[in-house]
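Here are my notes for you to read beside the structure. Keep the 3D view open and find each residue as you go.

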Amino acid sequence: MDINETSKKMKSRHPWELSRTKCVLKSMDSYLTDIHRNGEKKRYLNIGAGDMYFDRALMKKWKKDALYAVDIGYAEQEKQGSRVHKYKYLEEIEENNFDYALMMDSLEYMEDEVEYVKKLCGKLKPGGMIFFTLPSFQKLFSEHDVIVKLLRRYDRKSFARIIDEIPEIEIVEEHFFYFSLLCVRCLQKWLHLPIDPKHEVTTGWRFEEKGIVTKLVTGFLNLDYRTGAFLNKHNIWLPGLSLFIVCRKDNRNE
C-alpha cells in the first residue's frame, strides 16, 4: 500500500489488497517455482513498494531471496538485514542483473512510461521477468484516479504499444482481474456517483482483518481473480478493473 495511505488511521488491510497479494503471488508461482528448485538465491526489484506488505509476503515465501524496494516515499537509502534494501529512486541502485522486477500499480504514475520500463529492463539479466499490475480502461478514469494522482489507465492494446517500443522484452502472459469491481466502477461512472467521497482510498475499510466480513469479501475477490485468469487463458477475455501482465527480457545473449 502507498505510504501516504498508511499514514492515515487504517484499522485493517482492505480486502482488495489482501486478495491482490495472495492471487498475484499465486500467478507468479509458475514462473518462480521451477527456477528456485536449485536453491539459488534470487533478487527482486520492486518499483513503488510502498509499505512493503506484498514484499513481506514474497520474502516469507522465498526465504533465501533478496529484495530491492524503490519508493519516493522513503526518506533515504536503508538496508534492513541482509535481504531487504530500500531506495528512493531507481537511479540510486548500482547493481544490475536482477532476476525479477515488479511494478504493482505503479507504472501509471510515471510521466514517461516507455523510458521507465526501458531503464527497468536494463536492470534485469537476460531472461529476467517483469510482473505488472495495472488499472484498466482509460474510459474509467475518474476523480478517484485524480485523488491518487494516476496519470492514465491501461488496456491490452495500450500496454502492448509500450512494449513494442522496447524490442528486448516481450509479453508472455496477460489477463484482467476483478470483473466484479469493474461492474461497480462502471455503475459509479454511468450514474455519476462519487467514487471516493471521503478521500480515504483503501484506508476506509473499518472491519477487522480476521473478521467474517473481511474474509467473505476477500474470498469473493479471490474467486473473481481465479475465474478471470482461467477464462483469459482460454482466450475468453473477461474484463476486469485491473490487468496482470508478465514480460520477459530477451535471453539470446545469455
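**Notes on the model**

1. Let's begin with one serine. Leaving aside residues up to four places away in sequence, Ser180 touches Phe220, Leu221 and Asp224. Ser180 is part of helix 7. With one of these partners there is also a polar contact: the side chains of Ser180 and Asp224 are joined at 2.5 Å. Is Ser180 buried or exposed? Ser180 is buried, because its relative accessible area is 18% and the cut-off for buried is under 20%.

2. Now step back to the whole protein, and please remember that this is a predicted model. You can find 8 helices and 8 strands in the protein. The chain has 254 residues, and 49% of them count as buried. Take the contacts between residues at least 6 apart in sequence: 74% of them join residues at least 24 apart. The accessible surface comes to about 13,400 Å², with 54% of it belonging to carbon and sulfur atoms.

3. Which residues of helix 6 are buried? In this helix, which spans residues 156-164, they are Ser158, Phe159, Ile162 and Ile163. These residues cover an arc of only 145° around the axis, so they sit on the same side of helix 6. On the other side, you will find Lys157, Arg161 and Asp164 exposed.

4. What do the buried residues of helix 6 pack against? Their partners are helix 4 (113-122), strand 6 (124-135), strand 7 (169-177) and strand 8 (242-249). Have a look at the N-terminal end of helix 6 too, which is capped by Asp155. There, a side-chain oxygen of Asp155 lies 3.1 Å from the backbone nitrogen of Lys157.

5. Helix 4 can be read in a similar way. Its buried residues are Glu113, Val114, Tyr116, Val117, Leu120 and Cys121. They are on the same side of helix 4, because they cover an arc of only 165° around the axis. The elements covering them include strand 1 (43-47), strand 5 (98-104), strand 6, helix 6, strand 7 and strand 8.

6. Finally, turn to the surface. Phe207, Ile212, Val213, Leu216 and Val217 form a nonpolar patch there, and together they have about 440 Å² of accessible area. Phe207 is found in the loop between helix 7 (179-190) and helix 8 (212-233). Phe207 counts as partly exposed because its relative accessibility is 42%.

Technical notes. Residues numbered from 1 in each chain as written. Predicted model: local features only at pLDDT ≥ 70, side-chain atom pairs only at ≥ 80, totals over all residues. Heavy atoms only, no water. Buried < 20%, exposed > 50% of the residue type's maximum accessible area, 1.4 Å probe, protein only. Helix = DSSP H or I, 4+ residues; strand = E, 2+ residues; numbered from the N terminus. Arc of directions from axis to C-beta. Contact = heavy atoms within 4.5 Å. Polar contact = N/O pair within 3.5 Å; in protein donor to acceptor, adjacent residues only side chain to side chain. Patch = residues over 30% accessible without salt bridge, like charges linked within 9 Å, V, L, I, M, F, W, Y side chains within 5 Å. Areas by Shrake-Rupley, 256 points an atom, 1.4 Å probe, with all protein chains shown as cover. Salt bridge = Lys/Arg side-chain N within 4 Å of Asp/Glu carboxyl O.
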